[in-house]
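Please look over the sequence and the model together before reading on. The paragraphs below lead from a charged pair in a loop to a helix, a core and the surface.

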Amino acid sequence: MPVNNMNVGKDYSLVFYDSNSGQVLDLGDVQSFRISAVKHDIKSMPYNGPPRFGYIPDGYRFSFTITRVGSALENFQLAQTAAFEAGQHVTSGYLNETVYNPDGTTSRYQYTGFVFWVGDIGDVSRDQNVKLSAEGMASQKVQLA
């Protein structure tokens, strides 16, 4: 929950729904994540006036650091790879984000067209938790509540 009207990271919750399996995928113990709104620039340079600029929304990018709590993410990655290599249609899923606001309200968002890739399957060292790294992309962010 928020601390003294500040978001501290413990007030966020993420849930990934995999459309391929129809299951909610356990992301494990997410330690940190970064969400970036992606855009590309546009520019118009008329002969008889100053230049004009703008931005076009281009989806979202995610990066995750996760402590391994089981084999779910590795199995997900293997299933995605096997489906692709078998010529199957691999579909995107949804990432739901819940934020517990300092004023006691809750904000809920859904990232649609979400794809997820576990790139660093294990950072293993003695006497430390096994760390995984993952990344994702989404088409849109929709406010649910």
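Are Asp127 and Arg126 buried or exposed? Both Asp127 and Arg126 are exposed, where exposed means over 50% relative accessible area, buried means under 20%, and partly exposed lies in between, using a 1.4 Å probe and protein chains only. This is a predicted model, in which local features need pLDDT of at least 70 and side-chain atom pairs count only at pLDDT 80 or more, while totals for chains, interfaces and linings use all residues. Residues are numbered from 1 along each chain as its sequence is written, and side-chain values use heavy atoms, with hydrogens and water left out.

Asp127 sits in the loop between E6 and E7; helices (H or I, at least four residues) and strands (E, at least two) are DSSP runs numbered from the N terminus. Asp127 counts as exposed because its relative accessibility is 76%, and although it is not a glycine, it has a positive phi of about 65 degrees. Asp127 also forms a salt bridge with Arg126, with the closest N and O atoms 3.9 Å apart, a salt bridge being a side-chain nitrogen of Lys or Arg within 4 Å of a carboxyl oxygen of Asp or Glu.

A search of the whole structure finds four salt bridges. In one of them Glu97 pairs with Lys141, the closest N and O atoms again being 3.9 Å apart. This pair links distant parts of the chain, since Glu97 belongs to strand E5 (residues 93-100) and Lys141 to strand E8, 44 residues apart. Glu97 is buried, with a relative accessible area of 4%, whereas Lys141, at 35% relative accessibility, counts as partly exposed. Glu74 forms a salt bridge with Arg68, with 2.6 Å between the closest N and O atoms, and Arg68 is partly exposed at 35% relative accessibility.

Within H1, Leu73, Glu74, Phe76, Gln77, Gln80 and Ala83 are buried, and the buried residues of H1 pack against strands E1 (12-18), E2 (23-25), E4 (52-67), E6 (106-123) and E7 (131-138). Gln77 has a relative accessible area of 5%, and leaving aside its neighbours within four places in sequence, it is in contact (heavy atoms within 4.5 Å) with Trp117, Val118 and Ile121. Just after H1, Gly87 takes a positive phi of about 80 degrees.

The largest nonpolar core has 17 residues, of which Phe16, Phe64, Leu73, Leu95, Phe114 and Phe116 touch the most other members; such a core is a set of buried Ala, Val, Leu, Ile, Met, Phe, Trp, Tyr and Cys residues joined through side-chain atoms within 4.5 Å. E1, E4, H1, E6 and E7 each supply at least two residues of this core, and E6 gives the most, with four residues. Beyond its neighbours within four places in sequence, Leu95 is in contact with residues including Leu14, Phe16, Phe62, Phe64 and Phe114.

On the surface, Val15, Tyr17, Val24 and Tyr94 form a nonpolar patch with about 320 Å² of accessible area together. Val24 lies in strand E2 and counts as exposed at 55% relative accessibility. In such a patch, residues have over 30% relative accessible area and no salt bridge, with nonpolar side chains (Val, Leu, Ile, Met, Phe, Trp, Tyr) joined within 5 Å and like charges within 9 Å; accessible areas come from the Shrake-Rupley method with a 1.4 Å probe, and for residues only the protein chains shown count as cover.
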